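Reader: Before I set anything up, I would like to go through this model with you, beginning with the ligand and ending with the domains.

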Amino acid sequence: MQRYFTAPEQISGGFARIIGEDVHHILRVMRCRPGDRIIVCAGTGTDYLCEITETGAEEVLCRIVSESPSTGEPVTRLWIAQSLTKGDKWEWVLQKGTEIGAAGFIPFTSERCLIKIDEKKADKKQARWRKIVKEAAEQSHRGRVPEVAPVMNWKDLLRSVARFEAAFLAWEKGGKALKRAIAETEASEILLIVGPEGGFSEREAEEAAGSGAVPISLGSRILRAETAPLFAASCILFARNDLGGETE
Ligand code: SAH
């Protein structure tokens, strides 16, 4: 069944309200009518099975038929920080990372980053990235929409390492095997830092280690910048038996 996110304040008195771009999707793309059912999720851990009662140009009102706990969230809160890669590759990471189960994303700039962020267009970019993540979260049955942080510079990213219980720097020139690094920590808030097409410089790798990020190897093959975070995120959730979905 089709799922839509709405803000928590739009759920009250046994009804759920959907506003914004999803109204167009519900009415024009899915061609839903009063009486049809959808799932509404407020990103607070509960899924609401709803029946559409009223539709208007600006909103869809639904009656909540039943509630159940959202099952789409891993226990591990894994954040992917990636040095910005060319447009469609970063957007691919946002979409696929959401499907795999990332809790959030931090785009950042670093020495060999090929992308320059135009301050004037930053808000527009941010809105586009948030939309990609929201749509991927709906499609993949997540219980929450992952967060997308504003673009950070390298220094800010290093400062944010301290906010996580554990941080890993994907460093192709050598580090702890990912499997061992993940077995050695019980952290539930993890930051994974991945470089751009040209990788990190030695100096950046040292600075990251100095800030508390453990250098990790993703194996003896060099992965493309957009493959690395998706592969690592899959491995981390797999290693922790945190993929969910088991029924017997
Ligand atoms: N330095 C390389 C490749 C960069 S790969 C070059 O010469 O072009 C892009 C990013 O993916 C790296 O910065 C690193 O974070 C990650 N990565 C790719 N393969 C990896 C591996 N085998 N182990 C750890 N990190 C890897």
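Author: What follows is a set of questions and answers on this predicted model.

Reader: Which side chain has an N or O atom 2.5 Å from a nitrogen atom of the ligand?

Author: Among the 19 residues around the ligand, those that come nearest are Ala170, Glu172, Leu218, Arg221 and Leu223. The side chain with an N or O atom at 2.5 Å from a ligand nitrogen is that of glutamate 172.

Reader: How much of the area that the ligand exposes when taken alone does the protein bury?

Author: The space taken by the ligand is the largest pocket, and the shell around the ligand divides into 11 nonpolar, five polar and three charged residues. Taken alone, the ligand exposes 560 Å², and the share of this area that the protein buries is 83%.

Reader: What distance separates the centres of domain 1 and domain 2?

Author: The domain assignment gives domain 1 as 3–69 and domain 2 as 77–239. The contact between them takes nine residues from domain 1 and nine residues from domain 2. Taken over C-alpha atoms, their centres are separated by 32 Å.

Note on methods:
Residues numbered from 1 in each chain as written. Predicted model: local features only at pLDDT ≥ 70, side-chain atom pairs only at ≥ 80, totals over all residues. Heavy atoms only, no water. Near = heavy atom within 4 Å. Polar contact = N/O pair within 3.5 Å; in protein donor to acceptor, adjacent residues only side chain to side chain. Areas by Shrake-Rupley, 256 points an atom, 1.4 Å probe, with all protein chains shown as cover. 1 Å grid on protein atoms, 1.4 Å probe; cavity = no way out; pocket = protein on both sides within 12 Å on 5 of 7 lines; lining within 4 Å. Sits in = over half its atoms within 2 Å of the grid points. Nonpolar A, V, L, I, M, F, W, Y, C, P; charged D, E, K, R; others polar. Domains from an automatic or database assignment. Contact = heavy atoms within 4.5 Å.
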